[in-house]
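I opened my notebook to jot down a few things I wanted to look up here. Entries follow in the order I made them.

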Amino acid sequence: MKYTLEAPFDEEKIKMLKAGDTVTINGTIYTARDAAHKKMISLINEGKPLPFDIKNQIIYYVGPCPARPGEVIGSAGPTTSSRMDAYAPKLIELGLKGMIGKGLRSKEVVDAMKKYNAVYFGAIGGAGALIARSIVAQEVIAFPELGTEAIRKLTVKDFPAVVIIDSNGDDLYHVGKDKYRNADRVNCTYV
Amino acid sequence: MRTVNINEIIEAVERLCQESNYNLNDDIKNGLKKGVQTEMSENGKEILEQIIENAEIARKERMAICQDTGMAVVFLEIGQDVHITGGSLTDAINEGVRRGYDKGYLRKSVVNDPVFERINTKDNTPAVIHYNIVDGDKIKITVAPKGFGSENMSGLKMLTPSEGIEGVKRFIIETVDKAGPNPCPPIIVGVGIGGTMEKAALLAKKALLRPIDERNSEPRIRELELELLESINRLGIGPAGLGGRVTALGVNVEVFPTHIAGLPVAVNISCHVTRHSEAVI
């Protein structure tokens, strides 16, 4: 199925999203990657508020290139999500509803997604110049000292993504790989 | 003896950092186009087309193809009849990287210390530099920015000689299989076999500099490259890891003599944005 989604999320929408659905996202999303996640978890542990209200939000795992003069942002494709696996379950528990990245997630993340009703989207890794076209505004809202790893508020229009893992825990990476892995196994003695 | 001033080197490195990050090389572009024809998955075809479109946008707008503009890996082949003047060669390379990444609106992705502070150096230095002294009076500079989505999926194993060619193949294919969608497939696989531990790793990195449509001149290695490519493309990972038959665009293998007791194998995985640009001074 194809859906157009507004971010932040309407909680009801999450249940309808299934692994393999393609979506375009409009609205406000936040960026955070390794260093920003580490800082956010420290804030939580110290009982301090996060730089933005995480309830119903989407975090995009990205560290963009600097913008040329007159441009909104530089190249801005997804980074590998698994590095955020140590931190994501806590954020999901606090109300994070969507993550955009690329690559595999841990069982702990998927369990949290099922328990608290969240979804994991994939964007095309290495297509940062193309994806940048769907980012219409950006503002650094926290940790500017981290450079590319600062938390940014992005306004997106027709941001393209695919549902990789849905709130039931179904995973497009597994389904897709199994489908084509079985298509022809001649002389394939190593897998 | 021919003299080369470091300013020439700084300028070349600055330019190569930018060109390599904006322009996808033709061999990979052709590999992607071929992939659109051979991919069985409709989703996969569409992703390959978007990857090609992305490269076109990057080239036209002088924008980084991928936001991970990498750690700058620089290979130097310095002719033994060249005398470098005007300052330190290493400083010149780093200055070129600093200028290239700053003026080119490229991301700065290097941290000062790997374990403790991890503070961004804000200018993408230091570069990883490999020096090699060769015959002649020229300097060849290759800049190969390496992204870490794929670098993190690489691996090295010290096999025993009894594991032989089957062990070599198994380790390479398992490494790719485990990496799955993480290294931004379709990937390029650089393999180094032989030497010592660090020699194998360096061979694997150098293998990524060879165009993917150029096979190793040794017939048995050429066959191995073709067989590995075929096996990898049966893994089912596909473009962006969503399932498909175009998981790798190329497998390049380099070999070197080794010790009677050893069989080192290094697998350096690289994404569809495998970058390298060269200049000869």
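I started with Ala240(B), which is found in the loop between helix H8 (219-232) and strand E8 (248-258) of chain B. For the record, helices (H or I, at least four residues) and strands (E, at least two) are DSSP runs, numbered from the N terminus.

Housekeeping: this is a predicted model, where local features need pLDDT of at least 70, side-chain atom pairs count only at pLDDT 80 or more, and totals for chains, interfaces and linings use all residues. Residues are numbered from 1 along each chain as its sequence is written, while chains are lettered from A and ligands numbered from 1 in the order in which they are written.

Back to Ala240(B): I noted a positive phi of about 60°, although this residue is not a glycine. Most residues other than glycine have a negative phi. Buried or exposed, I wondered about Ala240(B)? Ala240(B) is buried, with 33 other C-beta atoms within 10 Å. (Buried means 20 or more other C-beta atoms within 10 Å of the residue's own, exposed 12 or fewer, partly exposed in between, with C-beta atoms placed from the backbone.)

Next I checked Cys184(B), in the loop between helix H6 (164-179) and strand E7 (187-195) of chain B. Cys184(B) is not a glycine, yet has a positive phi of about 60°. Cys184(B) is buried too, with 31 other C-beta atoms within 10 Å.

Then I turned to peptide bonds, most of which are trans. The bond joining Thr125(B) and Pro126(B) is cis, with omega about 0°. I found Pro126(B) in the loop between H4 and strand E4 (128-134) of chain B.
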